[in-house]
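Colleague: I have not worked with this structure before. Could you take me through it?

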Amino acid sequence: MAVSEHPHPEAESAPEDTLEHEVSDAEGPKPTLKDLLHSSDSPSKYLTVLSMVFAGLALICGGILVVQYLKYRSNAKNEAARKAEEAKLYGGWLAGQHKFKYKSENGDDLITQPLGEFRASWKNIELRVDLVAECSDEETCKSLKDQELKVRDLLMPLIQASSQEEVMNPTRKLALRRRLAEKLNELELKGRVIQIDFTDMTLEPNSRGE
């Protein structure tokens, strides 16, 4: 009787199933984090601690990035609100410029007139500031020079009524400069005073110490 050379399929698969079962039993349950930290195997314990450190650093870096992004969004929002407030207050007056320019947009020299030094005392702080007027024409600036006492009488109350916070805040300082220019335009002038600039400003402790 001839014997088949091909073994039965079940006979072939049996050894493989037995081998997989033995490998699975050899692996056993996966170690927990606690097991790894208390492991007597130094390399495994070291790698576990190192992984935890890197994970903590990643969380810290992620938190820093989130905070910086939120600050950026907040600053951008505040800047947009400030510009919108300026546009609302001034309607384009000075086109948002905060620095006095001694040349016009086309490069011509501006017509200016120094108004002298003004002082104001606020609590324990004394303000000293030199004012310069920009005029629409030379005759207007000359008229300001000829009416020096009237100019000081008009501007001094506004300077004294201001505050340290006002002159240190760019937006509020711009508003003060506008009020000063508008006050001078109450004089009988041929042209107009376009703007007033603070060319030199110092804040010092008030020696009187109110």
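Modeller: What follows is a conversation about the folding elements of the chain and some of its residues.

Colleague: Fine. How many helices and strands are there in the chain?

Modeller: This is a predicted model, and its chain contains 7 helices and 3 strands. Starting at the N terminus, the order of the elements is α-α-α-β-β-α-α-α-α-β.

Colleague: Which elements have the lowest and the highest mean pLDDT?

Modeller: Helix α1, residues 9–27, has the lowest mean pLDDT of the elements, at 51, while helix α5, residues 148–161, has the highest, at 93. Residues 90–106 have a pLDDT below 50, and this stretch makes 38 contacts in the model beyond near neighbours in sequence. For the chain, the average pLDDT is 76, and 65% of the residues score at least 70.

Colleague: And what share of the residues counts as buried?

Modeller: The chain has 210 residues, of which 25% count as buried. Its accessible surface is about 15,200 Å², and carbon and sulfur atoms hold 57% of that. Of the contacts with a separation of 6 or more, 65% are between residues 24 or more positions apart.

Colleague: Let us turn to the strands. How many bridges join β1 to β2?

Modeller: There are 11 bridges between β1 and strand β2, residues 125–135, and the two run antiparallel. Threonine 112 faces glutamate 134 of β2, and alanine 120 has leucine 127 as its bridge partner in β2. Together β1 and β2 make a hairpin with 2 residues between them.

Colleague: Why is β2 described as largely enclosed?

Modeller: The reason is that 8 of the 11 residues of β2 are buried, so the rest of the structure largely encloses this strand.

Colleague: Take glutamine 113 next. Is it buried or exposed?

Modeller: Glutamine 113, which lies in strand β1, residues 111–122, is buried: its relative accessible area is 15%, and the cut-off for buried is under 20%. Setting aside residues up to four places away in sequence, glutamine 113 touches Leu131, Val132, Ala133, Cys141, Leu144 and Lys145.

Colleague: Where is threonine 140?

Modeller: Threonine 140 belongs to helix α4, residues 138–146. This threonine counts as buried, at 0% relative accessibility. Its side chain reaches the backbone nitrogen of glycine 191 at 2.8 Å. Apart from neighbours within four places in sequence, the contacts of threonine 140 are Cys135, Leu189, Lys190, Gly191, Arg192 and Val193.

Colleague: One more topic, helix α7. Which of the residues in α7 are buried?

Modeller: The buried residues in α7 are Thr171, Leu174, Ala175, Leu176, Arg177, Leu180, Ala181 and Leu184. In general, an α-helix has 3.6 residues a turn, so residues three or four places apart point the same way.

Colleague: What caps the N-terminal end of α7?

Modeller: Asparagine 169 does, with a side-chain oxygen 3.0 Å from the backbone nitrogen of threonine 171.

Colleague: And how far apart are the end C-alpha atoms of α7?

Modeller: They are 21 Å apart.

How values were computed. Residues numbered from 1 in each chain as written. Predicted model: local features only at pLDDT ≥ 70, side-chain atom pairs only at ≥ 80, totals over all residues. Heavy atoms only, no water. Helix = DSSP H or I, 4+ residues; strand = E, 2+ residues; numbered from the N terminus. Expected span 1.5 Å × (residues − 1). Buried < 20%, exposed > 50% of the residue type's maximum accessible area, 1.4 Å probe, protein only. Polar contact = N/O pair within 3.5 Å; in protein donor to acceptor, adjacent residues only side chain to side chain. Contact = heavy atoms within 4.5 Å. pLDDT = per-residue confidence, 0-100. Pairing = 2+ DSSP bridges. Areas by Shrake-Rupley, 256 points an atom, 1.4 Å probe, with all protein chains shown as cover.
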